[in-house]
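Trainee: Please take me through this model one feature at a time, with each term defined when it is needed.

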Number of protein chains: 2
Amino acid sequence: MQSTYTDYVQQMRKIADITNAIAVLSWDNEIYLPDAGGPLRAQQISTLAGLVHEEFTSAPMGRMLKNLTGQKLSFKQSKNIHWTYRDFRRDKKFTADFVMKKSLVVSQSYHAWIEAKKKNDFAVFAPSLDKLMGVVREEAGILGFKHHPYDAHIDIYEPGMSVKRLDVIFEQVKSRLIPIIPGVRKITKIKAPFLTAKYPKDLQWKFGLALLEGMGYNFKKGRQDISAHPFTISFGTDDVRVTTRIDEKDFANMTWSCIHEGGHALYEQGLDGKEYGLPSGSAASLGIHESQSRLWENNVGRSKEFWQFYLPVLKKFFPQNLRSVNLDTFYKAINMVKPGKIRTEADELHYHLHVLIRYEIEKMIFESNIKAKDLKEIWNSKYKEYIGVDIKNDKEGILQDVHWSHGSFGYFPTYSLGSFYAAQFHYAIQKVAPNLDDHFAKGDYSDISNWLSKNIYRYGKTYTAEELCKKATGETLNFDYFMKYVTQKYGLI
Amino acid sequence: MQSTYTDYVQQMRKIADITNAIAVLSWDNEIYLPDAGGPLRAQQISTLAGLVHEEFTSAPMGRMLKNLTGQKLSFKQSKNIHWTYRDFRRDKKFTADFVMKKSLVVSQSYHAWIEAKKKNDFAVFAPSLDKLMGVVREEAGILGFKHHPYDAHIDIYEPGMSVKRLDVIFEQVKSRLIPIIPGVRKITKIKAPFLTAKYPKDLQWKFGLALLEGMGYNFKKGRQDISAHPFTISFGTDDVRVTTRIDEKDFANMTWSCIHEGGHALYEQGLDGKEYGLPSGSAASLGIHESQSRLWENNVGRSKEFWQFYLPVLKKFFPQNLRSVNLDTFYKAINMVKPGKIRTEADELHYHLHVLIRYEIEKMIFESNIKAKDLKEIWNSKYKEYIGVDIKNDKEGILQDVHWSHGSFGYFPTYSLGSFYAAQFHYAIQKVAPNLDDHFAKGDYSDISNWLSKNIYRYGKTYTAEELCKKATGETLNFDYFMKYVTQKYGLI
């Protein structure tokens, strides 16, 4: 019996329903789960994940995909089959034994990492990290690769991306970005006590909602809650939720995390709901997802024109703290560039040095049989070399990020790709919307929304990130745009 | 290959994980779902429900249950197989066509009921109700019954219960309870303006948490949220959540709904977590579940001794409203007996007349081919006859409850059974804990908790409700206890 595209859509939607149920369980897990509920919830999520795997890698699914590959379909339909078949073949490569082994090692590593961070002692995590590196090296072999074992992992997060491409990009970070940083540090230095004044929680919450509303986030199709680490999660285009955290002594933390997650959420809300569960209704890649959050957070949300509109709003919420602060001072303060040890607290420039360091270490992990115990020294010396800081303790050093303990290697580069794509998109938007800045100054972001809807949202994962970028901007990822953005921005401060 | 009990447990836990995922999705649906998320969520829940049905009624499941039925197992194990096999055989009776037909009719009826209630017009709901009655009559035929088609439905909610038993019970409601009500109405009449004073939301919320805490509800294994209709939901014994609603002009609403849901939640938190997913780890019946909420709400939560402890607490929260109210006045006011039209707002006595009316109408539906259009007049005349009120509009009459529109016929009687079981349990507890009231007056409910743990919680669904009742109190359900409770209580007011 010949499979129809409708059969395929039906099966994909069933899988999406289960996947989105997992997402609801995870959302609740991060926000509302009572203390004792953890083990139960982990088990429920694991059962559903098993069902997704069963449904996605079943023999009928394979026959259906093979069958549909030969059929005459529309462009979008054949792309959907293409991407799904690719993921199917990838997932089929793993034996149940390997999946269980990895899941066990990851689970142990995550707990070891928590413990190590609490004790501020990398040695507690190192043995688990060794096992983990063994597993992901093995995984690269199972997945297969043409040029570099690290490619197998990079491709999971950023389909089509490779060490070869990333080497070119990060080489430019080293040769072009690093040299200008000392100068920028000097000109952006400013004393800004208002940054650390007290901003009451409930008012910050309200300002955050106003920011999301202003960006065009649709609260009928989502909501905001509080969590330890801000995140965006989608259960389908009609229910895309964000979270934030509020530190009363640091309004900046809430503000830009709100805008950042808002950017992610607008992408998810903007995807084509009719393509629910299909690649064409899903995000293109992590890099493209990050381009959406970064474009809003930095290119829009740290621009002077954005604050021309929002500083008066912010002043209404916090008159005491901000009465005497003018736009120039505010703008300079929120764009201060100075070295630091923590990636998530880094400014727009240093951020990419943090990622560069992780990229170089991850590459090393796949190129050699380097031991975990040696990574700490490498980490610390790279921080000294690239950023000029002395890492004095592990929790501010090699233990700061959760990613490795989750078994994620190849994820970090997508953070930098996001910023670089964002700069390129920003210039493309400026080309078609010459009054972009004037509109920002009026709180009008329709130029951005329209361009993103037309060039990014509606395609979902029909194209790879670089194909999408070329279609939208006329060329594949080009680091020149990020350098141009940085030079223009900091040239004017 | 011989199935083992371990295989059975594994399969039941898998099913429980999916069922509990549905519960999480439903919880979120009632509390946090954004406006536009409804259709998506309904679809996700329906997909998971389909998976549960597939897993539960699969051929391997049937073979396993048949196989295990012949094996030598412990008492509890063989009871688990017994109950599961019974549910399996019941669920297998339905064809996919019938399940879809019922689900469609229910879905349409629910929307018609919402619409009808909004328009205050039963005629909008009647055509759907006719279809619905047709479907549930057909369902009774599919399920099969010995004596009365209504039995097939009653047995779903209260295994082992029947029209024959309920007729005896409700006959006593008519012959023994109804005659004493006029007298009780007279002696409980009191003017109590503090009942409708303004009680601020946040303080009511805090008082509610204090009540739950005092009852022994474990907040490490649960949480409270706000919803339109209060409910209790379990995702496993380590995560049992309650909701409440707060009306600033009616602190009683929040107070007793909080205690009521707390009673349900203590049952779920008290079940044996090691028996997760099995009958022995699940509630015995809806009647027994309701006995838990009613015991706390009425026998405990409307006793004078309970308020001897809590009135001073309540006064600390709301000194202005309650300064001049003494315990006697308070106790009398919260136990006022007066006729009304709405079941959920009824006092402890009239409540059972509301249920009696529904029971008589439901019985009629299965005994005859009565039409929906005739039910309204029957409803209104029964309200006049039993309660003495004139129903002037449909939303305060036949449209008040959601149950029928959900396809639930046979659910209502369990509400009354709950109160009657509660009275019987209350006397059994008094027998072993002669200082019960003194303990209540000190805020100590350990007599209750200990007895319920020992006699109810730990058995789960090992026994039917009446077997459990006999094991716990020495006899099956006996209406005398409720009458004794009522006579004692109102004799003293």
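Mentor: Helices (H or I, at least four residues) and strands (E, at least two) are DSSP runs, numbered from the N terminus. The model is a predicted one, in which local features need pLDDT of at least 70 and side-chain atom pairs count only at pLDDT 80 or more, while totals for chains, interfaces and linings use all residues. Residues are numbered from 1 along each chain as its sequence is written, and chains are lettered from A and ligands numbered from 1 in the order in which they are written.

Trainee: In which loop of chain B is Asn120(B) found?

Mentor: Asn120(B) draws attention through its phi, which is positive, near 55°, in a residue other than glycine. Most residues other than glycine have a negative phi. Asn120(B) lies in the loop between helix 5 (96-119) and helix 6 of chain B.

Trainee: Does Asn120(A) count as buried, exposed or partly exposed, and what decides it?

Mentor: Asn120(A), too, is not a glycine and has a positive phi, of about 55°; it sits in the loop between helix 5 (96-119) and helix 6 (122-143) of chain A. A residue is buried if 20 or more other C-beta atoms, placed from the backbone, lie within 10 Å of its own, exposed if 12 or fewer, and partly exposed in between. Because Asn120(A) has 13 C-beta neighbours inside 10 Å, it counts as partly exposed.

Trainee: Which strand of chain B pairs with strand 3 in the parallel sense?

Mentor: Two strands pair if DSSP finds at least two bridges between them. Strand 2 (residues 232-234) of chain B meets that requirement with three bridges to strand 3, but the two run antiparallel, and Ser234(B) has Val240(B) as its bridge partner. The parallel partner, joined over three bridges, is strand 1 (residues 224-226) of chain B.

Trainee: Which residues of strand 3 of chain B are buried on each side?

Mentor: In a regular strand the side chains alternate between the two faces of the sheet. Strand 3 (residues 240-244) of chain B is mostly covered, with five of its five residues buried. One side holds Val240(B), Val242(B) and Thr244(B), and the other holds Arg241(B) and Thr243(B).

Trainee: Which residue takes a positive phi in the hairpin of strand 2 and strand 3 of chain B?

Mentor: Five residues lie between the two strands of this hairpin. The positive phi there is near 125°, and the residue that takes it is Gly236(B).

Trainee: What covers the buried residues of helix 7 of chain B?

Mentor: Helix 7 (residues 149-157) of chain B has Tyr150(B), Asp151(B), Ala152(B), His153(B) and Ile154(B) as its buried residues. Their cover includes, in chain B, helix 6 (122-143), helix 8 (163-188), helix 15 (351-367) and helix 17 (413-432).

Trainee: How many residues does each domain of chain A give to the contact?

Mentor: The assignment, which is automatic or from a database, divides chain A into domain 1 (5-149) and domain 2 (150-493). Their centres, taken over C-alpha atoms, are 25 Å apart. Residues are in contact if their C-beta atoms, placed from the backbone, lie within 7 Å. By that criterion, domain 1 of chain A gives 42 residues and domain 2 of chain A gives 39 residues.

Trainee: Which helix of chain B gives the most to the side that touches chain A?

Mentor: The contact between the chains takes 28 residues from chain B and 28 residues from chain A. On the side of chain B, the elements that give two or more residues are helix 1 (5-31) and helix 2 (38-56). With eight residues, the one that gives the most is helix 1 of chain B.

Methods: Two residues are in contact if their C-beta atoms, placed from the backbone, lie within 7 Å.
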